Amino acid sequence: FNNELQRSEKLEIISELAASVAHEVRNPLQVTRGFLQLLGGKSHGAEKKYLNMAISELDRASNIITDFLTFAKPEFEQISVLNMNEEFHHIESIMLPLCHLSNGKMDLNVRGELWVKGNSSKFKQAFINIIKNSIEAMGEDGHIEIMAYGEGNKVHIHIRDNGEGMEPEVLNRLGEPYFSNKTKGTGLGLMVTFRIIEAMQGEIVFSSKKGAGTESITTLPLAERPDASRSL
Ligand code: ADP
Ligand code: MG
């Protein structure tokens with residue numbers, strides 16, 4: 001029991017450290033990338049090749065930070081009661097520009113007032129990683145639908161896309177660390193999502209058809225509406 005307690009304290013310290021590191025490391029990565037690009041524009045042959053390799057390695061590092069720590073703040077993890085409408089509107093506003101870059105559409109439909117207990121940064125990270133995959137799978141006329149509704153003491157969150165879809169072999173491996181079919185993929189996005197949903201006592205089921213699209217259904221325990229008077 002004692003050991004367990006120490007372990008969770010250690011994990012909390014590690015995640016706080018990771019958040020600070022992500023915060024501090026992002027900027028120098030971007031600055032370095034800018035200079036390398038500048039040099040790349042003036043160079044040729046092998047030199048240009050090495051500069052491009054350096055840039056794509058920097059991108060790999062940035063992508064890893066994105067999959068893990070997009071919203072990480074250097075502070076201890078806060079658990080609160082999250083308003084699904086607010087969370088998903090924030091998520092939508094972050095993902096829309098990326099979606100529009102691929103000429104896609106995104107629809108959001110959160111039915112009624114839904115509350116879920118968890119950490120807001122982690123929650124957003126979990127769904128950003130799913131939606132980012134949908135955007136990356138998009139073809140012409142890409143369309144992503146996000147829908148959330150309550151049923152009994154659960155909330156169901158559907159995310160559906162009409163992207164390239166997956167073969168059953170791929171579907172079975174989702175969430176496996178470093179499993180990626182993309183040249184610039186980290187293979188960490190869904191592993192992070194699965195872990196976050198699991199820690200929230202939820203579950204997530206993917207279905208997909210090659211050439212037709214993909215849908216994930218996440219089920220989480222509904223929380224009670226927070227008492228507004230208590231927080232005053
Ligand atoms: P990454 O995106 O870095 O490859 P992920 O863990 O996010 O890693 O996803 C793993 C793999 O699952 C992807 O490389 C892709 O092949 C597949 N995948 C996940 N979501 C979708 C989706 N919505 N449509 C098609 N393929 C998907
Ligand atoms: Mg991904």
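Helix α4 covers residues 120–136 and helix α6 covers residues 189–199, and each of them gives at least two residues to the shell.

There are 21 residues around ligand 1, and those that come nearest are Asn133, Ala137, Ser180, Gly185 and Gly189. Sorted by class, the shell holds 12 polar residues, together with 6 nonpolar and 3 charged ones.

## How α4 packs against α6

Two packed helices can be described in general by the angle between their axes and by the distance that separates those axes. For α4 and α6 the angle is about 140 degrees, and the axes lie 9 Å apart. Because of that angle, α4 counts as oblique to α6, and the crossing of the two helices is left-handed.

On the side of α4, the contact involves Lys122, Gln125, Ala126, Asn129, Ile130, Lys132 and Asn133, which meet Gly189, Leu190, Val192, Thr193, Ile196 and Ile197 of α6. This contact of α4 with α6 is made up of 6 nonpolar, 5 polar and 2 charged residues. Asn133 and Gly189, which take part in this contact, are also among the residues that come nearest to ligand 1.

## How α3 packs against α4

Helix α4 also packs with helix α3, which spans residues 84–101; their axes come within 10 Å and cross at roughly 35 degrees. The crossing of α3 and α4 is right-handed.

From α3, the residues in this contact are Glu87, His90, Ile91, Ile94, Met95, Leu98 and Cys99, while α4 contributes Ser120, Phe123, Lys124, Phe127, Ile128, Ile131 and Ile135. By class, the contact of α3 with α4 comprises 10 nonpolar residues, 2 polar residues and 2 charged residues.

## The chain as a whole

The chain contains 6 helices and 7 strands, and, read from the N terminus, its elements follow the order α-α-β-α-β-β-α-β-β-α-α-β-β. Taken along the principal axes, the C-alpha atoms of the chain fill a box of roughly 65 × 45 × 35 Å.

## Confidence of the prediction

The average pLDDT of the chain is 90, and 93% of the residues score at least 70. For the model, the scores are an ipTM of 0.99 and a pTM of 0.84.

Key:
Residues numbered from 1 in each chain as written. Chains lettered and ligands numbered in written order. Predicted model: local features only at pLDDT ≥ 70, side-chain atom pairs only at ≥ 80, totals over all residues. Near = placed C-beta within 6 Å. Helix = DSSP H or I, 4+ residues; strand = E, 2+ residues; numbered from the N terminus. Nonpolar A, V, L, I, M, F, W, Y, C, P; charged D, E, K, R; others polar. Axes fitted to C-alpha atoms, helices over the stretch in contact; angles between N-to-C directions. Parallel < 35°, antiparallel > 145°, perpendicular 65-115°, else oblique. Left-handed = near helix turned anticlockwise from the far one by under 90°. Contact = placed C-beta atoms within 7 Å. pLDDT = per-residue confidence, 0-100.
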